[in-house]
Amino acid sequence: MASSFPKYRSACPVPSPTRNTGRKAPASVTVASSARQRRSQNVEGDFYVDKRCIDCDTCRWMAPETFTRIDRQSAVSRQPSHGEERIKALQALLSCPTGSIHTEKPAKEILEVQMTFPLPVDEQKLPGIYLCGFHSEKSYGAAPYLIVHPDGNILVDSPRYTKKLADKIKILGGVRYMFLTHKDDVADHEEWSKHLNCKRILHSRDVEITTADVEMQLYGDGPWNIGTDFDLIHTPGHTEGSVCLYYKPLGVLFTGDHFAKSEESEFDIFAIYNKDSVSKQLDSVEKFLELDFKWILPGHGRRVEFRDMQEKNSAIEEFLLREAARA
Ligand SMILES: [Zn+2]
């Protein structure tokens, strides 16, 4: 089965020379030009994906009308046909962690589209929850979120540091806490902490040299909390220190790389990327049966909305039975 996770490539990425995207100019024009070549799988037209695509799936769920997975990488399968599709494709371009999406002609509205971030996830159902965009290759393209809350905003995992995004987040009230679901998705945490003066939270089991100075480490098995609205649920397995953020009033669980739907719409723990223990990860999924949530907003994989707790629990139970039968 194809995965929604990106390939964990070791090759050194070549930053895009595209201006106004928060990326630096390329170190080597020669390397950049060959890596930036249009994939032959793209249809003719303005938008295209280059050969550096890491198959992270971001563009495909952000602008499914335009991007498709072909031969284990993204490609433009249909050019945007009207304004709204074009904006979504440009939002995907700005969110692509490797800067692999391009337009043949400079996109005049790129600055305007940049200002649309952070993007509301669902204005009606999830007020105050935003997708930050600007996914970072350092986090393998994981989705970062912002929660606007009266007691202080929370940044969930790390976008690529971009001054324009930081300025927009400041307008929305800044960030009090930067909650890091686990060690893989920390990206530019230092930059964000420095510029927004936020306290970073990470489980001690996932602290590494680059995160040794986080302000708040979680110890033991929790649960912990941030005020009355947020519980932090220890869900070891993908990594020892994986933690989910449970936003109780809206029934949202931010799962990092612990649990999501795959691109093929199946529930998945993406076991091939497991860094600790698959059986532990499945035990951690079982904890979900006790939590009353309707939404899963993951770092990797597709988001999920359940009708209610009953549908959520049936789906989780079915998933666990399927996994048990497979073991
Ligand atoms: Zn991970």
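The following legends describe close-up views of a predicted model.

**Figure 1. Overall content of the predicted chain.** The chain contains eight helices and 19 strands. Of its 327 residues, 44% count as buried. Among contacts in the chain with a separation of 6 or more, 56% are accounted for by residues 24 or more positions apart.

**Figure 2. The open sheet of seven strands.** The strand order in this open sheet is β5-β6-β7-β8-β9-β10-β11, and the pairing is mixed. Its edge strands are β5 (119-120) and β11 (216-218), each of which pairs on one side only. Within the sheet, β8 (residues 154-156) and β9 (residues 177-179) are paired in the parallel sense over three bridges. In this pair, Leu-155 stands opposite Met-178 of β9. Helix α6 (residues 189-196) packs on the sheet and touches β8, β9 and β10 (199-203). The direction of α6 makes about 165° with that of β9.

Figure 3. Most peptide bonds are trans. The bond that joins Phe-117 and Pro-118 is cis, with omega about -5°. Pro-118 belongs to the loop between α4 (110-114) and β5. The peptide bond from Gly-222 to Pro-223 is also cis, and its omega is near -5°. Pro-223 lies in the loop between β11 and β12 (224-226).

Figure 4. Most residues other than glycine have a negative phi. Phe-134, a residue other than glycine, has a positive phi near 50°. The loop that holds Phe-134 runs between β6 (129-131) and β7 (145-147). Phe-134 has 25 other C-beta atoms within 10 Å, and because the cut-off for a buried residue is 20 or more, Phe-134 is classed as buried. Tyr-140 is found in the loop between β6 and β7, and its phi is positive, near 55°. Is Tyr-140 buried or exposed? Tyr-140 has 22 C-beta neighbours inside 10 Å and therefore counts as buried.

**Figure 5. The open sheet of six strands.** Mixed pairing and the order β12-β13-β14-β15-β18-β19 describe this open sheet. Strands β12 and β19 (304-305) stand at the edges; each has a single partner strand, so one side of each is left without a neighbour in the sheet. Strands β13 (residues 230-234) and β14 (residues 243-247) run antiparallel and are joined by five bridges. Phe-230 has Tyr-247 as its bridge partner in β14.

**Figure 6. Strand β18 and its two partners.** Strand β15 (residues 252-256) pairs with β18 in the parallel sense over four bridges. Here Val-252 stands opposite Trp-295 of β18. The pairing of β18 with β19 is antiparallel and spans two bridges. Ile-296 has Val-304 as its bridge partner in β19. Which residues of β18 (residues 295-298) point one way, and which the other way? Trp-295 and Leu-297 point one way, whereas Ile-296 and Pro-298 point the other way, and all are buried. The hairpin of β18 and β19 has five residues between the strands. In that hairpin, Gly-301 takes a positive phi near 90°.

**Figure 7. The contact of helix α7 with helix α8.** The axes of α7 (residues 278-286) and α8 (residues 309-326) come within 10 Å and cross at roughly 160°. Because angles over 145 degrees count as roughly antiparallel, α7 is roughly antiparallel to α8. The crossing of α7 past α8 is left-handed. Helix α7 contributes Leu-282, Val-285 and Glu-286 to the contact, and α8 contributes Ile-316, Leu-320 and Glu-323. By class, the residues of the contact of α7 with α8 comprise four nonpolar, no polar and two charged.

Notes:
Residues numbered from 1 in each chain as written. Predicted model: local features only at pLDDT ≥ 70, side-chain atom pairs only at ≥ 80, totals over all residues. Pairing = 2+ DSSP bridges. Contact = placed C-beta atoms within 7 Å. Axes fitted to C-alpha atoms, helices over the stretch in contact; angles between N-to-C directions. Buried ≥ 20, exposed ≤ 12 C-beta atoms within 10 Å, placed from the backbone. Parallel < 35°, antiparallel > 145°, perpendicular 65-115°, else oblique. Left-handed = near helix turned anticlockwise from the far one by under 90°. Nonpolar A, V, L, I, M, F, W, Y, C, P; charged D, E, K, R; others polar.
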